[in-house]
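Open the model in your viewer and keep the selection tool ready. This tour goes stop by stop.

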Amino acid sequence: MKLIIGISGATGAIFGIRLLEILKDRSDVETHLVMSQWATTTITEETHYTVNEVRNLADFYYSPKNLGAAISSGSFNVDGMIIAPCSMKSLASIRMGLADNLISRAADVMLKEEKKLVLMTRETPLNSIHLENMLKLSQMGVTIFPPMPAFYNHPQNLNDLVDHIIYRLISQFGIDILPKEKVWTGFTKQGNLR
Ligand SMILES: Cc1cc2nc3c(=O)[nH]c(=O)nc-3n(C[C@H](O)[C@H](O)[C@H](O)COP(=O)(O)O)c2cc1C
């Protein structure tokens with residue numbers, strides 16, 4: 001499977017990084033990475049990774065300015081694209097079809113080629129512009145996947161919380177690696193079924 005991974009400049013660069021780390025262990029997934037200029041800022045500001053370390057997690061890396069990259073064309077066949085995290089600016093750009101950098105161009109290609117596009121939109125609170133943009137793209141078949149933590153699986157730390165979200169994210173592409181004990185299988189405590 002070939003996946004385009006976009007990392008934009010919303011907070012939560014670790015989501016894109018963990019996604020790449022998990023996919024790197026899989027020989028059946030080829031990753032094509034593009035990071036926005038602001039993503040490079042959030043990576044260095046929020047994590048202990050360097051931008052080069054993040055680049056090296058992917059099989060292929062492209063500059064966001066390179067609109068001539070392979071992933072800028074529908075003739076380059078991929079299975080889909082994930083943007084994690086996806087800023088409200090990238091969301092708006094995709095919704096409007098601006099294709100003003102390689103993230104929004106590659107996403108635009110996903111839309112025109114009717115390929116799977118998953119946006120990990122990250123902002124809070126959301127204004128009507130954000131909500132409208134998400135609604136419009138959802139109506140076009142895009143999966144809006146905000147990084148909402150789950151607690152039914154009893155996360156012990158931040159890593160557990162992030163990884164659970166990433167496992168759920170990649171299961172959108174049929175990659176099912178959520179540990180069995182983290183799957184909700186029904187109530188465990190007596191009296192909870194009323
Ligand atoms: C530390 C930091 C955190 C940010 N968090 C968010 C966020 O959660 N959501 C968002 O939409 N923008 C956020 N921004 C603003 C975006 O980086 C900014 O809108 C930028 O233009 C996004 O461009 P891009 O989508 O091309 O990366 C943040 C900026 C910084 C520096």
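The stops below cover the ligand, the salt bridges and a surface patch.

This is a predicted model, in which local features need pLDDT of at least 70 and side-chain atom pairs count only at pLDDT 80 or more, while totals for chains, interfaces and linings use all residues. Residues are numbered from 1 along each chain as its sequence is written, and side-chain values use heavy atoms, with hydrogens and water left out.

**Stop 1: the ligand**

Of the 13 residues around it, Gly-9, Ser-36, Ser-87, Ser-90 and Arg-122 come nearest. The shell has three nonpolar, seven polar and three charged residues. Here Ala, Val, Leu, Ile, Met, Phe, Trp, Tyr, Cys and Pro count as nonpolar, Asp, Glu, Lys and Arg as charged, and the others, including Gly, as polar.

Now look for polar contacts (N or O atoms paired within 3.5 Å). The side chain of Ser-90 places an N or O atom 2.5 Å from a ligand oxygen. A backbone N or O atom of Met-88 is 2.7 Å from an oxygen of the ligand. At Thr-11, a polar backbone atom lies 3.0 Å from a ligand nitrogen.

On its own the ligand has 630 Å² of accessible area, and the protein covers 72% of that. Areas come from the Shrake-Rupley method with a 1.4 Å probe. Next, color helix 2 (37-46) and helix 4 (88-96), the elements that give two or more residues to the shell. Helix 4 gives the largest share, three residues. Helices are DSSP runs (H or I, at least four residues), numbered from the N terminus.

**Stop 2: the salt bridges**

The structure holds five salt bridges. Each is a side-chain nitrogen of Lys or Arg within 4 Å of a carboxyl oxygen of Asp or Glu.

Select Arg-18. Its side chain meets Glu-21 at 2.7 Å, N to O. It also meets Asp-163 at 2.7 Å, N to O. Asp-163 lies in helix 7 and Arg-18 in helix 1, so this pair ties together parts 145 residues apart in sequence. Asp-163 is buried, at 14% relative accessible area. Buried means under 20%, exposed over 50%, and partly exposed in between.

Move to Lys-112, which bridges to Glu-113 with the closest N and O atoms 2.8 Å apart.

**Stop 3: a surface patch**

Finish with Tyr-152, Trp-184, Phe-187 and Leu-193, which form a nonpolar surface patch with about 500 Å² of accessible area together. Patch residues have over 30% relative accessible area and no salt bridge; nonpolar side chains are joined within 5 Å, like charges within 9 Å. Leu-193 is exposed, at 72%.

Notes
Buried < 20%, exposed > 50% of the residue type's maximum accessible area, 1.4 Å probe, protein only. Near = heavy atom within 4 Å. Polar contact = N/O pair within 3.5 Å; in protein donor to acceptor, adjacent residues only side chain to side chain.
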